[in-house]
Protein chains: 2
Amino acid sequence: MDHAEVLSAYLTALIDEMVKSGVTDVVLSPGSRSTPLALLFANRKEISIYLDIDERSAGFLALGMAKARRKPVALLCTSGTAAANYFPATIEAFYSRVPLIVLTADRPYELQDVGAPQTIDQSGMYGSHVKRFAEIQIPEYDTRLIGHTRILCARAIAAADSSPRGPVHLNFPLREPLLPDMKYCSANPLELKSVSVKAGRVTLDAQTLSPIVQTIRKSRKGVIICGGLDSEEFEEKITFLADKIGFPILADPLSQLRRGTHSLRNVIEGYDAFLRDAQAATLFKPDLIIRFGAMPVSKALKIWIENQKTAQFVVDGGSRWRDPSGSATEMIYCDESWFCKAITDAVPASSDDTWLNLWKRVNQETKDILSGVGDEKTLNEEKVFFQLNRLLPDHSSLFIGNSMPVRELDTFLFTDQSDLKLFANRGASGIDGVVSTAVGVSLVRENTFLVIGDLSFFHDMNGLLAAKQHRANLTIILINNDGGGIFSFLPQASEKKYFEALYGTPHGLDFAYTADLYGADYKKVDNWDEFGHSFLASFQKKGLKIIEIPTDREENVHIRKRLFTQIGQSVAADAGWKKP
Amino acid sequence: MDHAEVLSAYLTALIDEMVKSGVTDVVLSPGSRSTPLALLFANRKEISIYLDIDERSAGFLALGMAKARRKPVALLCTSGTAAANYFPATIEAFYSRVPLIVLTADRPYELQDVGAPQTIDQSGMYGSHVKRFAEIQIPEYDTRLIGHTRILCARAIAAADSSPRGPVHLNFPLREPLLPDMKYCSANPLELKSVSVKAGRVTLDAQTLSPIVQTIRKSRKGVIICGGLDSEEFEEKITFLADKIGFPILADPLSQLRRGTHSLRNVIEGYDAFLRDAQAATLFKPDLIIRFGAMPVSKALKIWIENQKTAQFVVDGGSRWRDPSGSATEMIYCDESWFCKAITDAVPASSDDTWLNLWKRVNQETKDILSGVGDEKTLNEEKVFFQLNRLLPDHSSLFIGNSMPVRELDTFLFTDQSDLKLFANRGASGIDGVVSTAVGVSLVRENTFLVIGDLSFFHDMNGLLAAKQHRANLTIILINNDGGGIFSFLPQASEKKYFEALYGTPHGLDFAYTADLYGADYKKVDNWDEFGHSFLASFQKKGLKIIEIPTDREENVHIRKRLFTQIGQSVAADAGWKKP
C-alpha cells in the first residue's frame with residue numbers, strides 16, 4: 001500500500017466513526033496540513049461542510065450551530081496559530097457546556113520543536129478547557145491501531161456529548177504528501193466494528209432524596225431560581241414543580257422559562273429591577289432557595305442570594321460547582337428534570353398563596369413601571385428591549401450580546417406564551433465571537449435575531465463573511481453608543497481624566513460600510529417608527545439585515561437610574577415604608 | 001489602609017519596577033477587571049498607552065511594536081476569553097523570539113471554578129508558549145510580599161528580554177472594588193529597592209572553538225546560510241567573515257543581509273529560483289555549511305540542505321534547535337556576532353574565488369531571467385515584487401505577509417545598498433495578525449509598507465482600527481486574488497471537485513468598503529502605471545493607504561513555472577548539460 005492509501009484508509013475509518021457517532025456538520029478553515037481530513041469529510045454525503053476563513057469566527061460559528069442543534073459539531077483547521085484562534089470559542093464551549101469536536105492538523109513528530117514553520121506545541125494546547133484531549137497517532141496501516149483510534153474518536157464525541165457537555169480536542173499529526181487517494185475510500189474499508197456510547201443521567205436514590213423532600217415539604221417561603229439551562233423537558237418539569245409547591249421561579253432569560261407554552265403562573269421576571277433596592281430586597285425573606293442552571297445574569301439577584309442565610313440547594317446534572325457566592329448548603333448532583341419530577345411526585349400540593357402572591361404583586365408593579373419606558377420619545381437602549389416583547393414574532397430565536405444587552409434584556413423581557421428561544425455566550429461571557437455564534441444559530445433555526453452592542457459587533461465583524469457565504473437569514477439589531485457602554489455604570493466613570501480614552505473607547509466607525517462589505521441590508525434608524533418598520537420589514541427579507549440604533553451612553557445610565565428609583569419607591573409604599 | 005490604598009500601593013510598586021526594567025509601551029484593551037492596572041499605567045508619564053479594542057489584534061500590535069523597538073512591550077486585558085485572544089500573538093512571539101509582557105487581569109481565588117462570569121482557568125493558559133508564567137498574589141500591604149512581587153516583575157521582563165527573547169505571562173487576580181486611589185500613588189510609595197538584570201551573551205572557550213576553526217580553515221567549498229535574524233551588529237560581522245573566508249552567503253530576505261550599507265559582495269539572493277531545478281542543484285556540492293538564524297523561507301533551499309551529506313554547523317545564540325531536516329552535525333550555542341568575529345580573527349583570508357564565482361555567475365543569470373518579469377503587461381504578483389526593488393524608498397521598512405507574499409519576495413528581492421528593514425511573522429508563519437503587527441511596526445518606524453494577500457488581510461481587518469485611532473502612517477499593498485493563492489501550487493489543486501470550495505475560497509469582498517470604514521486612502525489599480533503612481537503618491541500622504549492589485553491565481557502559477565523552467569535550462573547550458 002502506498003502512502004496515500006494508508007492515509008486514506010486510516011483517516012476514512014476515523015471519519016466513519018465520527019459519522020456513526022452523529023457528527024453531521026464540520027466547520028473548516030482553509031489550510032494545507034488539514035487537507036486529507038478536509039477532502040475525506042467533503043467526500044461523505046452525511047457531512048455538511050461550512051467554510052469559514054477566520055478560525056476564531058469559525059470556532060464560534062460551530063459553537064452556535066452546536067447550541068442550536070443540541071449536538072456535537074466539528075471544527076477543522078491547519079497547524080499553528082490557526083489552532084490558537086479556536087481558543088476563545090473552546091473556552092466558551094467548556095463553560096457553557098456545548099459539545100464541540102476540535103480537530104487540529106499538526107506536523108508529524110519529526111518536525112516538532114526543530115524550527116519547522118507553522119509548527120507549535122499543539123499537545124493539550126487548550127489546557128483544562130477541554131473535557132478530553134487525544135493525540136492521534138500518525139497514520140499507519142495496522143488493524144489493531146486503526147480500531148483503537150476509531151474508538152478514541154467515538155469516546156471523544158461521547159465525552160463531548162455527555163453531561164456536562166463540552167469541547168474535546170483531537171490533534172492529528174500528518175505527514176506529506178497530504179493528498180488522499182479518493183478512489184480508495186469506502187466508508188469503512190477495513191470493515192471494522194464501531195462502538196456507540198449510551199450515556200445515562202445522574203439520579204438520586206430514595207435515601208438521598210428523602211431529606212431533600214422533607215426540607216421542601218417543610219418550606220413555607222421557598223424560592224426557585226433558574227439560570228441558563230438548555231433542556232426542553234425541563235421547562236415543563238420545573239413549572240409543574242413550582243406550581244405544586246407554590247414557589248415563585250425567578251427565571252433568568254436564558255432559563256428559557258419566561259417565554260413558551262409551559263405554565264407561566266409562578267414565573268417572576270422583574271426581580272433584577274425590584275431586588276436592586278436594598279430595602280425592597282429585605283421584603284423577601286425565603287426559608288429555602290433551590291437553584292438550577294448557571295448563575296443568573298442579574299447582579300441584584302446575586303447579592304440578594306448572598307444575603308440569605310437560609311438553606312440553598314444547587315441542582316446540577318453536570319456535577320460541577322455553580323456557586324460563586326459560596327452560599328450553597330446542599331450541592332445536588334442530579335439530572336434537573338428528574339429531580340423536579342421526583343420532588344413533584346413526593347410532595348403534597350401547597351394551599352397557601354400568600355408568599356407567591358407577594359412576589360407576583362411586586363413583580364407586576366415593577367413591570368408596570370418598567371413599561372413606562374414605552375413612552376420615551378428619543379431612541380434609547382431600554383425601550384428597544386421593551387419593544388422586543390411586542391415585536392418578536394412567535395417561534396423566533398433571539399441571540400443576546402454580552403455586556404449591556406443581556407442585562408437590559410434581563411430587565412425588560414416579560415413573560416409570554418409565545419415561543420422564543422434565547423441564546424447567549426454566558427460560559428465566559430466574552431464580547432468576542434458573538435456575531436459568529438449568532439450566525440451559527442441562524443444556520444439551524446428560522447427567525448433568528450441578534451441584539452448586540454457596537455464593541456462586540458466590531459470584535460467579530462469577520463463573522464459576517466460566513467453569514468454571506470452560507471446565506472444565513474439573520475436580523476442584527478446593532479445598538480451603537482460608540483464605545484463601551486457598560487463602563488459608564490462602573491466606578492471607573494468617576495475617573496474623568498482617563499475614562500473616555502480607556503473605557504469609553506469611541507471608535508467613530510460608520511457600520512454602513514460594514515453592511516456594504518458583506519452585502520447586508522442596512523438601516524440606521526432615527527426614530528421609533530423607523531425602528532418598528534425596519535424590524536417588521538426584516539422578516540420579509542432573506543439574508544443578513546442590520547438595523548442600527550444610535551444611542552447615548554449617559555442617557556442610558558439616567559433612564560435606568562430613574563426607573564429603578566421609581567420601583568424602589570413603589571415597593572416601599574406597598575410595604576408601608578418611608579423612603580429617605 | 002483601605003482597600004483602594006492597598007491596591008494602589010501594591011500595583012504601583014509593580015508598575016514602577018516594570019518602568020525601571022524599561023517598559024515604555026502598553027497596549028491595552030478595555031475591560032473592567034484590569035481597571036487598576038490600566039489607570040495606574042495611564043498615570044505614569046514614562047508610559048505610552050495604545051488602546052486596541054480587539055485583543056487578538058492588540059496582541060499582534062504589541063508584537064509589531066516590540067519587533068520594531070527591539071525591546072519588551074506590555075499587553076493588558078481583562079479576564080476571560082479576552083486573554084485567550086492573545087494566544088496567537090503569544091505563540092508567534094515565542095517562536096519568533098520577540099519580548100512581550102502579557103499582563104492579564106483575573107478574578108480572585110474565591111471566584112475561581114465556581115461558575116462566576118468571565119472567569120476561566122488563566123493559570124499557565126499559554127502552555128509552553130511563554131518563557132515564564134507567574135501568578136501574582138492578590139494585593140496585600142506587606143513590604144516583604146511587595147518586594148518579592150516587584151522582583152517577579154523584573155525577572156519576568158528580564159526573561160522576556162534575554163536570549164532567546166520571547167513572551168512572558170503575569171496573571172493578576174484582583175478583588176473589587178477595582179478603582180485605585182489615584183491620589184495615593186507615588187512612583188515608589190514604599191521606597192523599595194529595585195533590581196536590574198544584566199544578561200550576558202553565550203560565547204565559546206578556546207578549546208571548543210579550536211576544532212570549529214580548523215574545519216572552517218580546511219573548507220574550500222563552504223556556504224553560509226542566513227535565515228531570519230534581527231541584530232544590527234550581525235550584518236557587519238557576518239559579511240566580514242564571508243568576505244575573509246570566501247564563502248557565499250545564501251541570505252533569506254529576513255536575514256536583513258540583502259539590503260543595507262554592509263558589504264554585499266558575497267550575498268547570493270537567487271538561490272530559491274536556481275536550486276529548484278534538481279539538476280542545477282547538483283552543481284553546488286559544498287564541503288561545509290554554516291547556518292545562522294531561523295530556517296530560511298525557501299523550500300528549494302531546505303531540500304538542497306537536506307541533500308548535502310557534508311558537515312553542517314548551526315549557530316544559535318538562543319540555544320534552541322533550528323534544524324527541521326535533522327541534518328546539523330554541530331549545534332553551536334554561541335552569540336552569532338561573537339562567533340563571526342572569533343572566526344574572522346582566527347582564519348587566514350581565502351585566495352581562491354572559483355567557488356564563490358560559480359555561485360555569483362549562476363545567481364546573476366537567475367536575476368537576469370527573473371528580471372524578464374518586468375516586461376509583463378498584465379497585473380501579476382511576481383512583477384509587484386520585482387518592482388518593489390525599484391520603488392521602495394531608502395530607509396524604509398517592509399512588512400511581508402505570509403503564505404505567498406513572503407515566498408515571492410524571497411524570489412524577487414535583489415541586493416542593494418539602500419536601507420530596507422524587513423519584517424514578517426515567521427515564528428509560526430500564520431496568516432493571522434499580520435495587519436496589526438505591521439501597524440505596530442509603523443507606529444515605531446517611518447516609511448512602513450505592508451505587502452499582504454487578501455485572505456490574510458481579511459483575517460485581521462480589525463487591526464486597521466488601531467491604525468486609524470493611533471494615526472499610523474502605513475501603505476498596504478493588497479494583492480487580491482480572491483482566495484487562497486498558495487493552494488494552487490499544492491497537489492490539492494488536482495482535486496477539482498472540491499478545490500475551489502475548500503481551498504480557493506473566493507470571498508468576493510470589495511475592500512473599498514473596508515477602506516471607507518477605516519478612513520483609508522484607497523486605490524484599486526488597473527495597470528502598472530497606476531500602480532507606480534499610487535505607490536509613489538502614497539509617500540506624500542499621511543495615514544493609512546491601501547493599494548489593491550487584482551491578480552489571478554492560475555496566472556501566478558504559470559508565470560512562476562515559466563521563469564523557473566528558463567532558469568533551470570540556463571544553468572544546464574552553463575554547465576554543459578542537456579535538459580530533457
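**The interface of chains A and B**

Guide: The contact (heavy atoms within 4.5 Å) draws 80 residues from chain A and 80 residues from chain B. This is a predicted model, in which local features need pLDDT of at least 70 and side-chain atom pairs count only at pLDDT 80 or more, whereas totals for chains, interfaces and linings use all residues. Residues are numbered from 1 along each chain as written, chains are lettered from A and ligands numbered from 1 in written order, and side-chain values use heavy atoms, without hydrogens and water.

Between the two chains about 6700 Å² is buried (accessible area, 1.4 Å probe, lost on being put together, summed over both parts), with 63% given by carbon and sulfur atoms. On the side of chain B, the most area is lost by Phe458(B), Leu502(B) and Leu517(B), together 9% of what that side buries. Four salt bridges (a Lys or Arg side-chain nitrogen within 4 Å of an Asp or Glu carboxyl oxygen) are found across the interface. Glu176(B) and Lys299(A) are joined by a salt bridge between their side chains, at 4.0 Å from N to O.

Lys299(A) pairs with Glu176(B), and UniProt, in an unreviewed entry, places "domain: Menaquinone biosynthesis protein MenD middle" at residues 219-400 of chain A; such annotations may be inferred rather than shown by experiment. Over residues 219-400, chain A is 39% helix and 15% strand (DSSP runs: H or I, at least four residues; E, at least two), and the end C-alpha atoms lie 35 Å apart.
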